Each structure stands twice: as C-alpha cells, then as structure tokens.
Amino acid sequence: MKNQDFLIKILDNNKILNLEFYKKLFLIRRSEEKIIELYPENEMRMPMHMSMGGEAIAVGVCHALGIKGQVFGSYRSHAIYLAKTQDTNNFFAEIYGKTTSSLKGKCGSMHLCAPDFGFMGASAIVASIIPVACGTAFANKRKNNGKIVSVFFGDGAVDEGNFWESLNVASLMKLPILFVCEDNALAVHTPRHQRQGYDSIVSIVSKFNCNVLEESTTDTEVIYRKTCQAIELIRTTQMPCFLYLRYYRYLEHVGTKEDFDAGYRSKEEFEKWHKKDPVNLQRKKLLRFGIEEEQIRKLEVEIEGRIENSIRLAQKAPFTEISELHRDVFYEENKKD
Ligand SMILES: Cc1ncc(C[n+]2csc(CCOP(=O)(O)OP(=O)(O)O)c2C)c(N)n1
Ligand SMILES: [Mg+2]
C-alpha cells in the first residue's frame, strides 16, 4: 500500500471510530434528557443518579474493553449500561420497573447490569463492588481466559477500606483488573479536600505494584486511547492498572435537577467544564472530519426516534407479577423468622 493510501485508511478508521463514539454519547445524553423531562410524572419510581457530564469516560473505556470486556459499576451507571448495550428498550423498561426488561424491573437505575454484554453488576453501597470485581479478575486469572475486568467507582469510594484492601490484593495477586476512578471531586456535597488526608491519590497508588495512568479530559478518543494503553500494560506487566479520570457532575448528587444554588459549588465552575462538554466536543470533531451537519442531524433524529419508541413501549408494558419477587435473587426459601 502506498504511503498516501495508508494515511487515508488511518484517517477513515479514525473517522468511523469517532462517529461510533458520537452515536453512543448522543444516545446516553438524550436518554438522560428524556429522564429529566419525564421524571416529574412520577412514573419512574426510583432515585436517579445521573451520568451527565461524565459520558466520555463510559464510552471511551467501554469501547476499548469491547463487548466481551467485563465491567462493574456503581449506582451512577446509566452511561456504562448504554455504552455497553445501546439497548434503550431494556433501559427504559427497567427504569419504568416493567416486566419487559431483561432485569424485570427488579434492579432499577442503581443496580443496572447486562451480563450478556459484559456489564456484570452494580452496587449502591459505595466501594462494595470493588472486591467483587477483584474476585472476578481472580477467577479469570485462574481460568487463564485472557479476560480483563474493569471496575468503575467515584472518588468517594477511595475513602473506603474496601478500596484499599482490593487494591492491595490485586497488586499482590497480580490480578488482570482495571480500576477506573471517576473523580468529580465530590462525595454527595463534600469536596475531596475535606475528606482525604493526602493531596494526590495517584502518587499513593503508584507505590503499589500497580500501573497508574491519569487524564483530565472530556475527549472520548483520548480516554479510549488511554484505556487501550492501560489494557496493554495489564497484559505486558501482568499487574493491575489504576486509571484516574477527572470529570464534572452536571446535576445534583441524586435527582434530575441542577443544584448550583445549594451553596457547595458554583455555576462558574460548571460553565468552565460545559465549554468542553463531551457531547458537543465530539459533534464538533465530526464536522472537522468533514461529516456534514445534515448527516449528523439525520443520525440524531434516528437515535431520538429509537429513544421515544423505547419510552412508549416501556410506558405501555405491564409491571412484573408479584410471583417473580423471589426469582433470580438470593433467597432462603425455608427460612422462618
Ligand atoms: C458504604 C456507604 N457509605 C455511604 C453511602 C452514602 N453515599 C451514597 S453516594 C455517596 C458518595 C459517593 O461519592 P463518589 O464515590 O465520589 O461517587 P459519585 O456520587 O461522586 O459518583 C455516599 C457517601 C453509601 N451508599 N455507601
Ligand atoms: Mg465523586
């Protein structure tokens, strides 16, 4: 292949990759915007921890891991679920608590999972999923199946013993695991500097037998490439990797509203981050690649149609029968107390 053809091929591949990122980012953003619109109707009967602002992390990391890559998340996992599955039918059926969801409405927004797509589970107890992810990584290592587990958690999870014990075990046992710390500098309303007796988590984790990478960006492609580097490091060094990524949470800790009047953070800070909003940034990138505005809009309309349709189906679907309550859950049938 001539040099020029080779360059064109690379550019084409990059364009396809970035288009793929945009489709996922837009799907996640519009799905959450619909939740904001419809939540006040009180038909989605569950707390909502929105991903808005952090979409680039879920899309970049999950794309690098691929469908087979196993991931675990927290109660803030809408973006991970949709990045992994792009399945808005199941997503909306689940958050409307309906039987048409493959989870039958028993998990809700905080405990989303899709094992067929490698999204293995999520927990609302801060940091509690990290040791579960380590256990899965240990099983993969024992089976020698080449799989890499990734676990997403917030900066608040780093305040928990569970995190440090897991990091220690993963470093000691050389587990094939990618720790993804999504740092929005807040645990509910408490800023990081009021909770942590050190300045840099990265410098402490570096003392473990664990690779460390960090990035502060809203560019999905940069996060994707960092994750590819992390996966390569896990494979070549046979050690875990800690990927530290900063982002800004757009909405209140739980709920669908902005909370800049709550007094713990400023609108100016939001505006600074919003200038480099991950979805807008990616859209501009597509235009720079020469993709026409009309083409992008067509794509967006198609995705919006899919979301609207999923919502209509979810609204019309029946609730799960009471007889389902104890199916698919750990339950001691004969326990009498
Ligand atoms: C073990 C435990 N302690 C306290 C809580 C209450 N709680 C829910 S979310 C949260 C903050 C977690 O912050 P972070 O891990 O940074 O995640 P973020 O919400 O910022 O995504 C706390 C303290 C909990 N769910 N679990
Ligand atoms: Mg946080």
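Student: Before we start, what should I know about the model and its numbering?

Tutor: It is a predicted model, where local features need pLDDT of at least 70, side-chain atom pairs count only at pLDDT 80 or more, and totals for chains, interfaces and linings use all residues. Residues are numbered from 1 along each chain as its sequence is written, while chains are lettered from A and ligands numbered from 1 in the order in which they are written.

Student: How do I describe two packed helices?

Tutor: You give the angle between their axes and the distance between the axes. Helices here are DSSP runs (H or I, at least four residues), numbered from the N terminus, as are strands (E, at least two). Axes are lines fitted to C-alpha atoms, for helices over the stretch in contact, with angles from 0 to 180 degrees between N-to-C directions. Take helix 2 (residues 55-65) and helix 8 (residues 220-237): they pack at about 40°, with axes 8 Å apart.

Student: What do we call that arrangement of helix 2 and helix 8?

Tutor: Oblique. Under 35 degrees is roughly parallel, over 145 roughly antiparallel, 65 to 115 roughly perpendicular, and the rest oblique.

Student: Which residues of helix 2 and helix 8 make the contact?

Tutor: Contact means C-beta atoms, placed from the backbone, within 7 Å. Helix 2 brings A56, I57, V59, G60, V61, H63 and A64, and helix 8 brings T220, I223, Y224, T227, C228 and I231.

Student: And how does helix 1 meet helix 2?

Tutor: The axes of helix 1 (residues 3-38) and helix 2 come within 10 Å and cross at roughly 135°, which makes this pair oblique too. F21, K24, L25, I28 and R29 of helix 1 touch E55, V59 and H63 of helix 2.

Student: What is a nonpolar core?

Tutor: It's a set of buried Ala, Val, Leu, Ile, Met, Phe, Trp, Tyr and Cys residues joined through C-beta atoms within 7 Å. The largest one has 78 residues, and V151 and I177 have the most contacts inside it. Helix 2 gives the most to this core, eight residues.

Student: Is K98 buried or exposed?

Tutor: Buried, because K98 has 21 C-beta neighbours inside 10 Å. The cut-offs are 20 or more other C-beta atoms within 10 Å for buried, 12 or fewer for exposed, and partly exposed in between. K98 sits in the loop between helix 4 (88-95) and strand 2 (119-123). Leaving out residues up to four places away in sequence, K98 touches A93, G105, A314, A317, P318 and F319.

Notes
Contact = placed C-beta atoms within 7 Å.
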